[in-house]
Amino acid sequence: MAVNNICGQHWLKTTLLALPVLVSVTAVAAADEMLDRGKYLVTFGGCGDCHTPWGENGPDDTRAFQGAPTGLPSPLAEYAPAIAGIPGHLTEEQFVSLLVTGKRPDGSSPRDPMPRYRLTEDDARAVARARQSCGCARR
């Protein structure tokens, strides 16, 4: 009995000590999945098509998501703002809300040609995560 009890105690200690590591690994995996999902949505959604300046040979990746003129006449948006990171005039929560509701904090909508996205909250948070981690800091 003593051997089983010691073995059981060792198993219990080992399991309890390992739980935080397992939870941490699971959280990292979930964060990685969210980041990958956000990168996919940013790419598939074509965010860089308007928010990245274009040169003679296409998008200027050295200035990815730094904002760019759209070349469109008013009343359409004449400039796509920088979205390198979370747009500076918005908090993360406001940015998520914009992607979910299509409305800015003041109730207005972005001007065309900005699509009227209605992302799920999870997808909007994934996009926010991707924008924050893009490695394309504002200049």
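**A tour from the pocket to the salt bridges**

Start with the largest pocket, which has a volume of about 670 Å³. To centre your view, select His 51, Ile 83, Pro 110, Met 114 and Pro 115, the closest to the pocket's centre among its 31 lining residues. Keep in mind that you're looking at a predicted model.

Then switch to secondary structure. Helix 1 (2–44), helix 2 (47–51), strand 4 (79–80), helix 3 (92–101) and helix 4 (121–132) each give the lining at least two residues.

Next stop: the salt bridges, five in the structure. Select Arg 37 and Asp 123, whose side chains pair at 3.1 Å, N to O. This pair ties together distant parts of the chain, with Arg 37 in helix 1 and Asp 123 in helix 4, 86 residues apart. Arg 37 is partly exposed at 36% relative accessibility, while Asp 123 is buried at 16%.

Move on to Glu 93 and Arg 125, a salt bridge at 2.9 Å, N to O. Here helix 3 supplies Glu 93 and helix 4 supplies Arg 125, 32 residues apart.

For another bridge, pick Arg 63 and Asp 60, with N to O at 2.9 Å.

Last, show Cys 47 and Cys 50. Why is there no bond between them? The sulfur of Cys 47 sits 9.1 Å from that of Cys 50, its closest cysteine sulfur, so they are too far apart for a bond. The disulfide count for the structure is zero.

Technical notes:
Residues numbered from 1 in each chain as written. Predicted model: local features only at pLDDT ≥ 70, side-chain atom pairs only at ≥ 80, totals over all residues. Heavy atoms only, no water. Disulfide = S-S within 2.5 Å. 1 Å grid on protein atoms, 1.4 Å probe; cavity = no way out; pocket = protein on both sides within 12 Å on 5 of 7 lines; lining within 4 Å. Points joined across faces, edges and corners; volume = space filled by probe spheres on them. Helix = DSSP H or I, 4+ residues; strand = E, 2+ residues; numbered from the N terminus. Salt bridge = Lys/Arg side-chain N within 4 Å of Asp/Glu carboxyl O. Buried < 20%, exposed > 50% of the residue type's maximum accessible area, 1.4 Å probe, protein only.
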